[in-house]
Amino acid sequence: MDPPPPRRRSPRYHNQLSNNNSFSSPGKKTNSSSNAGTETKLKIKIKRYHGVAKWTWGVSGFNNDDDDDEDEVCIVCQSAFEGCAPGVKYPGDESPVVFGKCKHAFHLQCVSTWLQSQNSNNPTCPTCRQEWEFGAERTVVDDDAEGEESVDV
Amino acid sequence: MAANGRVKKEISIICKTDPTSGVIATTAGDDLSIPGKPGWRHLIGTIQGPSGTPYENGVFDVDILIDGEYPFAPPKMKFITKIWHPNVSSATGAICLDILKDQWTPALTIKTAMMSLQALLCSPEPNDPQDAQVAKMYLENKPEFDRTAKFWVEQYASPKSDTSKEDAVGRVCEMGFDKESARKALEKHKWDEQAAVNDLLGM
């Protein structure tokens, strides 16, 4: 799953290249007060910036209706979906989240260990005890509802 | 060890006082871990007897062993405190409860399992007994069952008052043991004088 592109903000700050002495002359008032705050001039020069993106598995809203990704944990290992399954070093692709036909989500490693440990031809979902079948695919709507992306499960 | 993080989290939750649930656990002894069994954990759970049942006012200790398979296998639980209940062995404390056997799922926790035990005290299942003798009495003579269960609570599951503890220490001391070791042995054996004396005698 690719991280979404960083959100862009329209630049509100102005380069002060043409006004290099503004810091060294506190006595000289700018006319910002007369602008009544419509446009704040920051005497800051942006040298570089880092884009930061946040990703989630988009499990919430699927398991239940509240929209709080932060507290969503895999019920088997009780750690966040976005974290690592036990014994896995890295989150993300190495700790994928899978859904059953019953729409309950788990770390792949967690539910696999459970299914094997049941030693049965008809293993069941940890949450609802229905016969477990891997769900084929699901569609998530991302936060900004800009489009839909599908997650292979 | 499949889910050490989960076990740690669970232990910190279950060892916290939660007056609404009536269940709590403490670590057995000083050290949680068991020598030679990495990842295993030993806890002592305490369940308040539910009101409106013969177990009311009783306090029941439960031995909880979390093995390396947990949470993919249920925690091993049995009553330490003797209890008269169709689904608990009156001799060994072994428990017959489906979620502690084939109906376990990793969605359950130590806490929910203990709360299920508490629910079992409210609604015995005499048709799926662990102790056939108790179940027979439950089905054939309910008043006698209630009396017996209550008597067992008074006998084994009632928290000892401080004065009765002092009396017990005094009686053990009269047998020729010093106060300190008498108290220690009594605490270790949940104020069962006979067991404490046997322990002191090295039996």
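**Close-up views of a predicted two-chain model**

**View 1. Polar contacts link chain A and chain B in this predicted model.** Across the interface of the two chains, 5 residue pairs are in polar contact, both members at pLDDT 80 or more. The side of chain A that touches chain B is made up of 7 nonpolar, 5 polar and 1 charged residues. Salt bridges between chain A and chain B number 0.

View 2. Three residues stand out on the chain A side: Gln78(A), Trp114(A) and Arg129(A). Together they supply 49% of the area that chain A buries against chain B, more than any other three residues. In terms of contact, 13 residues of chain A touch 14 residues of chain B.

**View 3. Strand β4 of chain B is largely enclosed by the rest of the structure.** This strand covers residues 59–66. Why is it called enclosed? Because 6 of its 8 residues are buried, that is, under 20% relative accessible area.

**View 4. Strands β3 and β4 of chain B run antiparallel.** Strand β3(B) spans residues 37–48. It is joined to β4(B) by 8 bridges. One pair to look for is Ile47(B) and its bridge partner in β4(B), Phe60(B).

**View 5. Strand β4 of chain B also pairs with β5(B).** Strand β5(B) takes in residues 76–79. Here 4 bridges join the two strands, which run antiparallel. Look for Val62(B), which stands opposite Phe79(B) in β5(B).

Note on methods
Residues numbered from 1 in each chain as written. Chains lettered and ligands numbered in written order. Predicted model: local features only at pLDDT ≥ 70, side-chain atom pairs only at ≥ 80, totals over all residues. Heavy atoms only, no water. Contact = heavy atoms within 4.5 Å. Buried area = accessible area lost by both parts, 1.4 Å probe. Salt bridge = Lys/Arg side-chain N within 4 Å of Asp/Glu carboxyl O. Polar contact = N/O pair within 3.5 Å; in protein donor to acceptor, adjacent residues only side chain to side chain. Nonpolar A, V, L, I, M, F, W, Y, C, P; charged D, E, K, R; others polar. Buried < 20%, exposed > 50% of the residue type's maximum accessible area, 1.4 Å probe, protein only. Pairing = 2+ DSSP bridges.
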